[in-house]
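Q: Please examine the aromatic rings of this protein closely. Which rings pair, how are they oriented, and where do they sit in the fold?

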Amino acid sequence: MPMDNWRITNAMENRTGNWVYYICSAAAAFANLHFSRHVDNPADDHMATNDGAYYYYGVTGTFNQAAQQADQAVRQALVDAWNDYFTV
């Protein structure tokens, strides 16, 4: 799936910096996920569930504490979505 299937849905500046948010419009498997890109600190980029409960930081290959306890299918979907975003 080409990266152009991910589209910007929002951008904002908050206490942690400047963020750009993406969703995938082409894969049903990623419908409940979004990608957050940190303009000022790319190491904070993460794929997350839309409810904000589970995060995957692809740069470091780590999950937030809640995601470490999440179902394997949730963790795999986050990793798959991260990899999909960076597929060119």
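A: The following account begins with the fold and then turns to the aromatic pairs.

The model is predicted. The protein contains two helices and six strands, and its elements follow the order β-β-β-β-β-β-α-α from the N terminus. The six strands make up an open sheet, ordered β1-β2-β3-β4-β5-β6, with antiparallel pairing. At its edges are β1 and β6 (62–63), each of which pairs on one side only. Eight bridges join β1 to β2 in the antiparallel sense. Within this pairing, Ile8 has Tyr22 in β2 as its bridge partner. Helix α2 packs on the sheet and touches β1, β2, β3, β4 (46–49), β5 (55–57) and β6. The direction of α2 makes about 135° with that of β4.

Trp6 is buried, its relative accessible area being 6%. Tyr85 is likewise buried, at 5%.

A further pair consists of Tyr22 and Phe35, which is tilted, with 6.1 Å from centre to centre and 40° between the planes. Tyr22 lies in strand β2 (residues 17–24) and Phe35 in strand β3 (residues 33–38), so here the parts tied together are 13 residues apart in sequence. Tyr22 and Phe35 are both buried.

Ring pairs link Trp6, Tyr22, Phe30, Phe35, Tyr56, Phe63, Trp82, Tyr85 and Phe86 into a cluster.

Some overall values complete the picture. Of the 88 residues, 38% count as buried. The radius of gyration is 12 Å, which agrees with the value near 12 Å for a compact globule of 88 residues. Along the principal axes, the C-alpha atoms fill a box of roughly 30 × 30 × 20 Å. The accessible surface comes to about 5100 Å², and 51% of this belongs to carbon and sulfur atoms. Among contacts between residues at least 6 apart in sequence, 27% join residues at least 24 apart.

Terms used
Residues are numbered from 1 along each chain as its sequence is written. This is a predicted model: local features need pLDDT of at least 70, side-chain atom pairs count only at pLDDT 80 or more; totals for chains, interfaces and linings use all residues. Side-chain values use heavy atoms; hydrogens and water are left out. Buried means under 20% relative accessible area, exposed over 50%, partly exposed in between (1.4 Å probe, protein chains only). Rings of Phe, Tyr and Trp (its six-membered ring) pair if their centres lie within 6.5 Å; planes under 30 degrees apart count as stacked, over 60 as edge-to-face and the rest as tilted. Helices (H or I, at least four residues) and strands (E, at least two) are DSSP runs, numbered from the N terminus. Two strands pair if DSSP finds at least two bridges between them. Contact means heavy atoms within 4.5 Å. Axes are lines fitted to C-alpha atoms, for helices over the stretch in contact, and angles run from 0 to 180 degrees between N-to-C directions. The radius of gyration is taken over C-alpha atoms; the globule rule is 2.2 Å times the number of residues to the power 0.38. Accessible areas come from the Shrake-Rupley method with a 1.4 Å probe; for residues, only the protein chains shown count as cover.
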